[in-house]
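Welcome! Please load the model in your viewer, and we will walk through it together, one selection at a time.

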Amino acid sequence: MGPPRRKMLATAEETLTPPDDLSDTQQIVRAIKATGNNIYLVEQADKKQMLVELPARFRSTIWIKRSSYVVVDSKGQEERDNKICGEIVNVVRDEKAWRKAPFWPKEFVKQQVVLAGSDDEEEEQSRVGQMPSSDESD
């Protein structure tokens, strides 16, 4: 049985707006992939990769997609004897609002989608579902 609905809604609402500032042990990172058992491989702004843990309050409530951003807290992780370097404390859901915050890393620039292809492919796609022209042979 999942968590109560009011708890799920409260958790989802808390991730919509960015905090006023981040502590010294917190940083914004990009999720690369889920490795299993609520452990995620993330990439820091300086391109270093590390493993982080998703706490129980986010499990079955918020899903983290590849290339999405999360806030990781590394406080208290030094005394643990494993490869996990931090814990996810917040999930960036409204990226536009978060990008306006002063603590957003400059290295995470907005990526634009560029469609690779030539004019011939666009021409082929535009003729899909149409009858072939009379000058084309069988």
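This is a predicted model: local features need pLDDT of at least 70, side-chain atom pairs count only at pLDDT 80 or more; totals for chains, interfaces and linings use all residues.

**First stop: Tyr69 and Trp104.** Select tyrosine 69 and tryptophan 104 and show their side chains. The ring centres are 4.9 Å apart and the planes stand at 70°, so this pair counts as edge-to-face. Now colour by secondary structure. Tyrosine 69 belongs to strand E4 (residues 69-73), while tryptophan 104 sits in the loop between helix H2 (95-99) and helix H3 (119-126). The pair therefore ties together parts that lie 35 residues apart in sequence.

Are these two residues buried or exposed? Both tyrosine 69 and tryptophan 104 are buried.

**Second stop: Phe108.** Phenylalanine 108 is buried, as is tryptophan 104. With Tyr69, Trp104 and Phe108 all on display, you are looking at a cluster linked by ring pairs.

**Last stop: the whole chain.** Zoom out and switch to a cartoon. You can pick out three helices and five strands; starting at the N terminus, their order is α-β-β-β-β-β-α-α. Next, show the surface: the protein exposes about 10400 Å², with carbon and sulfur atoms supplying 48% of that area. Among its 138 residues, 30% count as buried.

Technical notes. Residues are numbered from 1 along each chain as its sequence is written. Side-chain values use heavy atoms; hydrogens and water are left out. Helices (H or I, at least four residues) and strands (E, at least two) are DSSP runs, numbered from the N terminus. Buried means under 20% relative accessible area, exposed over 50%, partly exposed in between (1.4 Å probe, protein chains only). Accessible areas come from the Shrake-Rupley method with a 1.4 Å probe; for residues, only the protein chains shown count as cover. Rings of Phe, Tyr and Trp (its six-membered ring) pair if their centres lie within 6.5 Å; planes under 30 degrees apart count as stacked, over 60 as edge-to-face and the rest as tilted.
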